[in-house]
Amino acid sequence: MAFLEFEGVGITALGAAVPKRVIRNREYTEIWTQEEANEIVEKTGIEERRFADETTCSSDLCFVAAEKVIADNHINKEEIELLVFISQTPDYRMPATSVTLQHRLGLPNGTIAFDITLGCSAFLYGLSVVYGLMEQGNLKKALLLDGETRSKVYSPRDRRSAFLFGDGGVAAIIERDKKFGRSVFSLNSDGSRADLIMIPAGGYRHMSSAETVVEKVVDEFGNMRSDEQGYMRGGDVFNFVIREIPRDIKNTLYYSNHQVEDFDYIIFHQANNFINSYIAKKLKLDFNKVPSTIAKFGNTSSVSVPLTIVSELKGKLSGKKDLLLSAFGVGMTWATGIVPFVDCQISDIMEVEDGHAV
Amino acid sequence: MNEFLNLFKEAIEREDEVRLEDEFRKYDEWDSMAYLSVIALMDDKYNKQMEEAEFNTLQTVGDIYEICTKN
């Protein structure tokens, strides 16, 4: 169990952008029957998702969110000395998308820029990396970007993933200030479960070829996908989550000398309503303190924790608020964060079409 | 046993009767979401967790009942 602690670093401003295109799951009946669609919506709680069009990438969503946060808070771009971009749907295999965003946002060449690729728990990993570098003392401001276009990853003909995922991007400004006090993170990994959620082809183990793009029937239910598309073994993911997540939250609370009642809000990775309500019930949480965006944005991978904060806590973060963050997914990796928010400025959610704000 | 059968029936949202000898994968209601509901039932009511590979060896409702009530 690896715990990290930081002092006097926090998120001072946060914004988000989502594609303008809304996919209503109950009307997602081109391939699936009305009855199947309704059944899945009722079980997962995912009514709507946002799908990026062909010309919109994760980086475009983050760019729009970042420009909005920078403008709303009158931030001098010269003061942004660190840019971290979190995604598993980057623009290219190389160069790193963070570096293209440094130029696009007009940040100085002195900016430290790199990508973090990890999956659903990555916002917490990214936050702890940025907090660590900020605590070091030399950097004025950091910009943490987190974007995913998971709609482009999964097959619409695989019922087990077709209705779950959506797209989004967030931008967070991170600064030093004594007012934030202590943050605590628990970060974990279990590579023995690497095959639970995976895109098998397109990397260097199984390079893209004519064969990897062929759609095949993959099970007795007739679900179809290619090796370039993601799959998820939902049963074992759920087994994993009910065993590890409550335990990690309890261990982190114990380590940091907190009770779950101490927190103003508890933000979970938005997997689906079935998994999330089961964990909340198991931990006996007050549902009023557990905001959700599952119904309107679906599972946006690493973006779901910060997107839920932007969407559901705007206007509720004045003064000091203690947030407990919990995320889990592909790897498997999982993380718990005790993250104080003090007067965090939340921008309105932007909409994006053809790569630009609309 | 009746309690288990009722919980199982409720979990997979089946209207017809559920019997121990039934092969649950042949139910119309059986799909990946029904499977998640059964995992939740096993964990919540019987404190039993089981990986998918092992679960795949179970055939009947009675096989699941046996796992749930085994010490």
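This briefing walks through a predicted model with chains A and B. Because the model is predicted, local features need pLDDT of at least 70 and side-chain atom pairs count only at pLDDT 80 or more, while totals for chains, interfaces and linings use all residues. Residues are numbered from 1 along each chain as its sequence is written, and chains are lettered from A and ligands numbered from 1 in the order in which they are written. Chain A holds 9 helices and 19 strands, where helices (H or I, at least four residues) and strands (E, at least two) are DSSP runs numbered from the N terminus.

**Overall build of chain A**

- The C-alpha trace of chain A spans about 60 × 45 × 35 Å along its principal axes.
- A compact globule of 358 residues would have a radius of gyration near 21 Å, and chain A, at 19 Å, agrees with that. The radius is taken over C-alpha atoms, and the globule rule is 2.2 Å times the number of residues to the power 0.38.
- Buried residues make up 50% of the 358 residues in chain A. A residue is buried if 20 or more other C-beta atoms lie within 10 Å of its own, exposed if 12 or fewer, and partly exposed in between, with C-beta atoms placed from the backbone.
- Of the contacts in chain A with a separation of 6 or more, 78% are between residues 24 or more positions apart. Two residues are in contact if their C-beta atoms, placed from the backbone, lie within 7 Å.

**An open sheet in chain A**

- Five strands form an open sheet in the order 1-9-16-15-14, with mixed pairing. Two strands pair if DSSP finds at least two bridges between them.
- Strand 1 (2-7) and strand 14 (265-268) of chain A stand at the edges with a single partner strand each, so one side of each is left without a neighbour in the sheet.
- On average, neighbouring strands of this sheet are turned by 20° against each other, direction ignored.
- Strand 14 and strand 15 of chain A run parallel and are joined by 4 bridges; here I266(A) stands opposite L324(A) in strand 15.

**Strand 18 of chain A and its partners**

- Strand 2 (residues 9-19) pairs with strand 18 in the parallel sense over 3 bridges, and V18(A) stands opposite E351(A).
- Strand 19 (residues 356-357) pairs with strand 18 in the antiparallel sense over 2 bridges, and E353(A) stands opposite H356(A).
- The hairpin of strands 18 and 19 has 2 residues between the strands, and D354(A) takes a positive phi near 50° there.

**Backbone points to check**

- Most residues other than glycine have a negative phi, and most peptide bonds are trans.
- The peptide bond from M94(A) to P95(A) is cis, with omega near 0°; P95(A) sits in the loop between strand 5 (80-86) and helix 3 (97-104) of chain A.
- Another cis peptide bond joins G331(A) and M332(A), with omega about -5°. M332(A) lies in the loop between strand 15 (320-329) and strand 16 (333-342) of chain A.
- K284(A), a residue other than glycine, has a positive phi near 55°. K284(A) lies in the loop between helix 7 (273-282) and helix 8 (294-297) of chain A and is exposed, with 7 other C-beta atoms within 10 Å.
- N47(B) also has a positive phi near 55°, in the loop between helix 2 (32-46) and helix 3 (52-55) of chain B. N47(B) counts as exposed, with 8 C-beta neighbours inside 10 Å.

- Helix 1 (residues 2-11) and helix 2 of chain B pack at an angle of about 145°, with their axes 9 Å apart. Axes are lines fitted to C-alpha atoms, for helices over the stretch in contact, and angles run from 0 to 180 degrees between N-to-C directions.
- The contact is made by L7(B), F8(B) and A11(B) of helix 1 and S37(B), V38(B), L41(B) and K45(B) of helix 2.
- The contact between the chains takes 11 residues from chain B and 12 residues from chain A. Helix 2 of chain B gives the most to the side of chain B that touches chain A, with 7 residues.
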